[in-house]
Amino acid sequence: MPTRVFRVAGPAILVVAALAALVAGLIYGGGASPLLIADPGPLVRWGLPVATLGVNLSAAGMVGTLLLALFALRAQTKPFDTALDVASVSAAIFTVASAVVAFLTFVNIYNATPSASAEFGQQLGRFLVDTEPGRAWSLTTLAGATLTVLTFAVRGWTPTLVIAALAVATLIPMATQGHSGEEANHNTAVVSLALHITGAAVWLGGLVLLVVLRPQLDRIALSDVLLRYSSIALAAFVVVALSGVARAIVGVVSVENLFSPYGAILTVKVVALLLIGVLGAWYRRSLIGRIRADAETGRRAASRFWGLITLELAFMGIASGAAVALSRTPPPVDTRLPEIPSPAEVLTGAPLPPELTPIRWITSWDPDLLWAFAIGFGVFFYLAGVRRLHRRGDRWPIYRTVLWLAGLALLLWVTNGGVNTYQDYLFSMHMVGHMLLSMAIPMLLVFGAPVTLASRAIAKRDDGSRGGREWILWAVHTPFSRVITHPLFAAAMFIGSLWAFYYTDLFRWSLYDHIGHEWMIAHFLISGYLFVQSLVGVDPVPYRLPYPFRLLTLIGVMAMHAFFGITIMMSSGLFVAEWFGSMGRTWGETPLADQYTGGGIAWSIGEIPTLVLAITVAIQWSRSDDRLQRRSDRQAERTGDAELEEYNARLQALADRDTRARR
């Protein structure tokens with residue numbers, strides 16, 4: 001197929017396949033069937049899923065192209081500028097489609113008849129401002145409009161990175177609308193949907209950009225971009241597949257339900273995604289290398305490759321259309337909360353867990369997919385880096401690997417295990433998780449020296465683009481990094497955020513909003529990591545305090561931790577009383593007594609890692625003195641040898657002069 005024709009035919013195949021799958025899914029699943037009561041009409045019943053499909057496809061063109069440009073292309077080149085142009089056009093379509101979805105959602109919920117009257121406009125305005133779906137789509141539309149302008153205006157590395165982060169954040173409100181807060185397992189469903197949408201957007205958007213960039217890249221550059229995209233697509237496939245499984249479990253529950261219309265559409269989507277994964281693995285292993293290796297074979301391999309890309313776009317369209325149809329199809333199980341929910345179900349969306357016993361500290365699990373994926377990728381990439389070093393004959397200390405894996409295992413338990421199961425119901429368990437996140441886990445991760453490993457294991461790019469190594473080293477040397485890694489800033493952030501979190505509405509936000517909960521985990525993990533890194537880390541930082549001042553800093557932190565814990569223990573009021581005091585819990589300590597226990601945990605558990613850090617600093621100080629002494633001894637030895645050689649040279653010169661005089 002000619003190049004210019006393929007640039008148009010590729011996206012057209014995607015859209016046509018998506019629309020065909022959407023229409024078939026809506027007809028089969030009943031997602032567009034007339035309602036018996038308050039039917040909004042065929043325009044809304046069919047227009048809303050079509051507009052939603054437009055949002056999903058344009059979101060992929062917006063997010064996927066930006067991330068592939070950052071990872072595979074070189075800034076200030078025509079392909080990079082083309083990627084930003086594609087992102088800008090996609091953002092414009094995303095903005096219009098989001099506005100249409102917002103309008104049709106209003107008509108669908110309120111069964112309002114569109115008109116030019118002031119009353120209709122007021123109702124629409126109240127919907128967009130006062131309701132959760134309206135606010136979500138309003139923010140999405142405004143974000144899309146902003147991204148349309150920004151992607152058109154910028155062309156540099158750093159602005160594109162910031163815009164890509166904003167584009168990913170724009171997808172979060174969409175995920176919150178995919179599962180009602182009045183249904184069970186709301187948090188799991190929202191996180192899995194957010195990961196699913198983001199992974200699919202990265203995967204599909206990168207594929208579309210490959211089609212657009214095909215005529216602008218020579219064979220060698222094209223093979224490099226294809227190889228880099230395949231790495232991104234592999235990670236995206238893992239995210240999409242596993243998050244899709246988690247999302248399906250919420251809606252299907254049992255195998256028998258797979259034979260329902262919901263299950264049939266889900267099966268079509270899964271099969272399409274699996275076929276895409278097989279195609280991706282095939283061309284990664286068989287075709288990409290041949291395109292670069294041999295010109296004659298490369299022409300045949302390239303032709304076959306772009307045929308596979310066309311097939312992959314068709315399957316992508318089928319999966320995208322089936323996904324939207326699935327969102328409009330009633331699930332075969334009732335996921336709503338009970339008509340008379342318990343206090344715990346009203347607050348958390350889940351029933352009260354059984355009494356916390358010693359064995360349930362280990363056996364209780366409440367998965368958080370976001371951190372499960374982060375931990376899984378952390379394990380994989382670290383071990384892959386160690387393996388690469390060993391294959392080329394370099395050594396990496398085994399204890400660093402053990403400490404890194406131990407830190408990730410502890411993080412897995414905190415975010416997915418017993419702590420995550422009970423922290424919404426017990427202040428003391430919440431404090432256990434907080435102290436481990438901010439002190440124990442960062443200490444183990446810092447000793448793993450991930451930045452040093454990455455700088456040694458990841459291959460250096462030589463074509464002006466930025467891969468993992470270049471982006472990591474860039475982040476380490478930015479002015480922002482110099483500020484946040486400064487020991488005084490890291491210590492102030494570590495202590496200040498501890499007090500600010502519990503004595504402001506940030507604590508309440510983390511309980512009521514799952515986004516706040518995820519922010520809490522990320523913030524305290526990162527702030528603890530930066531604090532520990534500034535004291536005992538081996539990864540490069542711009543500045544570290546002298547050892548005496550490091551010990552003084554740790555003494556100050558220990559004192560503030562102790563004071564914080566004692567303050568909580570002496571408190572006569574209950575933190576977030578309408579939450580911890582209203583759970584209806586009949587087992588364990590009373591909420592106020594449990595809070596007293598939490599203060600003791602903050603005092604005791606918080607001090608143990610700090611003491612370990614102090615011992616580590618003292619050991620490093622001692623070793624530093626020993627190294628300085630050995631260096632001084634070697635210098636003195638070299639100086640003595642030089643002086644001796646100079647003395648012998650002078651004696652030899654005198655002897656030579658006497659010899660010449662006698663002659």
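Buried means under 20% relative accessible area, exposed over 50%, and partly exposed in between, with a 1.4 Å probe and protein chains only. The structure is a predicted model, in which local features need pLDDT of at least 70 and side-chain atom pairs count only at pLDDT 80 or more, while totals for chains, interfaces and linings use all residues. Residues are numbered from 1 along each chain as its sequence is written, and side-chain values use heavy atoms, with hydrogens and water left out.

**Exercise 1. Classify D81, R155 and D85 as buried, partly exposed or exposed.**

Solution. 
Step 1. The relative accessible area of D81 is 23%, so D81 is partly exposed.
Step 2. R155 has 21% relative accessibility and counts as partly exposed.
Step 3. For D85 the value is 34%, and this residue counts as partly exposed.

**Exercise 2. Describe the salt bridge between D394 and R392 and the accessibility of each partner.**

Solution. 
Step 1. The closest N and O atoms of D394 and R392 are 2.6 Å apart.
Step 2. D394 is partly exposed at 27% relative accessible area, and R392 is partly exposed at 44%.

**Exercise 3. Characterise the packing of helices α2 and α3.**

Solution. 
Step 1. Two packed helices are described by the angle between their axes and the distance between the axes.
Step 2. Helix α2 (residues 42–72) packs with helix α3 (residues 78–110) at an angle of about 155°, and their axes are 7 Å apart. Axes are lines fitted to C-alpha atoms, for helices over the stretch in contact, and angles run from 0 to 180 degrees between N-to-C directions.
Step 3. Angles over 145 degrees count as roughly antiparallel, under 35 as roughly parallel, 65 to 115 as roughly perpendicular and the rest as oblique. Helices α2 and α3 are therefore roughly antiparallel to each other.

**Exercise 4. Locate A449 and V576, and state whether each is buried or exposed.**

Solution. 
Step 1. Most residues other than glycine have a negative phi. A449 has a positive phi near 50° and is not a glycine; V576, likewise not a glycine, has a positive phi of about 45°.
Step 2. A449 is in the loop between α18 (427–447) and α19 (450–457), and V576 is in the loop between α25 (547–570) and α26 (577–580).
Step 3. At 0% relative accessibility A449 counts as buried. V576 is buried as well, with a relative accessible area of 7%.

Terms used
Helix = DSSP H or I, 4+ residues; strand = E, 2+ residues; numbered from the N terminus. Salt bridge = Lys/Arg side-chain N within 4 Å of Asp/Glu carboxyl O.
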